[in-house]
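Dear colleague,

I am handing over the structure we spoke about, and below it I set out what was found. Please read the notes with the coordinates open beside you.

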Amino acid sequence: MFVTFVIKMSTLQDRYSIICDRLASAAQRAGRDPKDVTLIAVSKGRSLNDILELRSLGHKDFGENRVEEASEKINATRNDSQQITWHMIGHIQSRKARDVAENFEWVHSVESASLAEKLSRAVAALQTAPPLSILLECNVSGEESKYGLQANHFEDAVQWDQLCAIIESILAQPNLQVRGLMTMAPMVEAAEAARPVFRKLRQLRDKLAKQFPVAHWSHLSMGMTDDFEVAIEEGATMVRIGRAIFAPPKNL
Ligand SMILES: *Cc1c(COP(=O)(O)O)cnc(C)c1O
């Protein structure tokens, strides 16, 4: 009873400050500087008012997973004197590449050479735009329902060679800057169960950094509401959190 009451009465500000504290504690436990972990507030399905309220608390990084929904919010906040940094975290249909390049600073969900090529061309068409920061979405768990570059057996030579061939052509795109990797962990009962997946993404990153030393591999986008602390312990530099900040949608 009491717990339900507290959750219902908590404000966005309360929830945000709790998440910031938990993020900092997880980083400190892992001997890391909390500043090296960017909290991305996942605002899909949330109102512009929620976004503006969080922005007014000093929060800058927001994640969206649908281009149409996001571009309305992005247009509505474009003249904000303190700019928001927008992250595209959802699956991208190739015909939306142009809208993505126009609206987002970061794309976490690049999972093919052809999408990378389309994004790169879209950035070029915008002319003055700086290179787009991208992360390569990798499926390290092997779950069939997941998007991402196939990387569940990257120690296997055949899969490794296939993966490297795709990544080589993504790295060759002139208007994109690869910054690291992203993954979605399987839904699990306990956060601890996601740890091997996060660890595997970090190991994959370390291996790619050796294979392609000229590229930048510093970022790992991993961890959500139910497992972000474990992800931070395993090296996440970006965590994507929706429900814990904005509260569960009413229909859940
Ligand atoms: C919705 C979403 C999140 C946030 O999930 P929560 O469980 O609400 O924290 C993170 N990453 C992606 C790709 C998402 O689509």
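A polar contact is taken here as a pair of N or O atoms within 3.5 Å. With that cut-off in mind, and remembering that this is a predicted model, I begin with the ligand: one of its oxygen atoms lies 2.8 Å from a polar backbone atom of Gly 242, so this pair falls within the cut-off for a polar contact. Of the 390 Å² that the ligand exposes when taken alone, the protein buries 90%.

The residues around the ligand include Val 42, Lys 44, Ile 89, Met 184, Met 224, Arg 240 and Ile 241, together with the three already named, and this shell divides into 5 nonpolar, 2 polar and 3 charged residues.

Turning to the aromatic residues, a search of the whole structure finds 1 aromatic pair. It is formed by Phe 62 and Trp 86, whose ring centres are 5.8 Å apart and whose planes meet at 40 degrees, so the pair counts as tilted. The pair links distant parts of the chain, since Phe 62 belongs to strand β2 (residues 61-64) and Trp 86 to strand β3 (residues 85-88), the two residues being 24 apart; both Phe 62 and Trp 86 are buried.

Finally, the charged end of Lys 207 sits over the ring of Trp 160, at 4.2 Å from the ring centre.

Terms used:
Residues are numbered from 1 along each chain as its sequence is written. This is a predicted model: local features need pLDDT of at least 70, side-chain atom pairs count only at pLDDT 80 or more; totals for chains, interfaces and linings use all residues. Side-chain values use heavy atoms; hydrogens and water are left out. A residue is near a molecule or strand if one of its heavy atoms lies within 4 Å of it. A polar contact is a pair of N or O atoms within 3.5 Å; within protein, one must be able to donate a hydrogen and the other to accept it, and residues adjacent in sequence count only if both atoms are side-chain atoms. Accessible areas come from the Shrake-Rupley method with a 1.4 Å probe; for residues, only the protein chains shown count as cover. Ala, Val, Leu, Ile, Met, Phe, Trp, Tyr, Cys and Pro count as nonpolar, Asp, Glu, Lys and Arg as charged, and the others, Gly among them, as polar. Rings of Phe, Tyr and Trp (its six-membered ring) pair if their centres lie within 6.5 Å; planes under 30 degrees apart count as stacked, over 60 as edge-to-face and the rest as tilted. Helices (H or I, at least four residues) and strands (E, at least two) are DSSP runs, numbered from the N terminus. Buried means under 20% relative accessible area, exposed over 50%, partly exposed in between (1.4 Å probe, protein chains only). A charge sits over a ring if NZ of Lys or CZ of Arg is within 6 Å of the ring centre and within 35 degrees of the ring normal.
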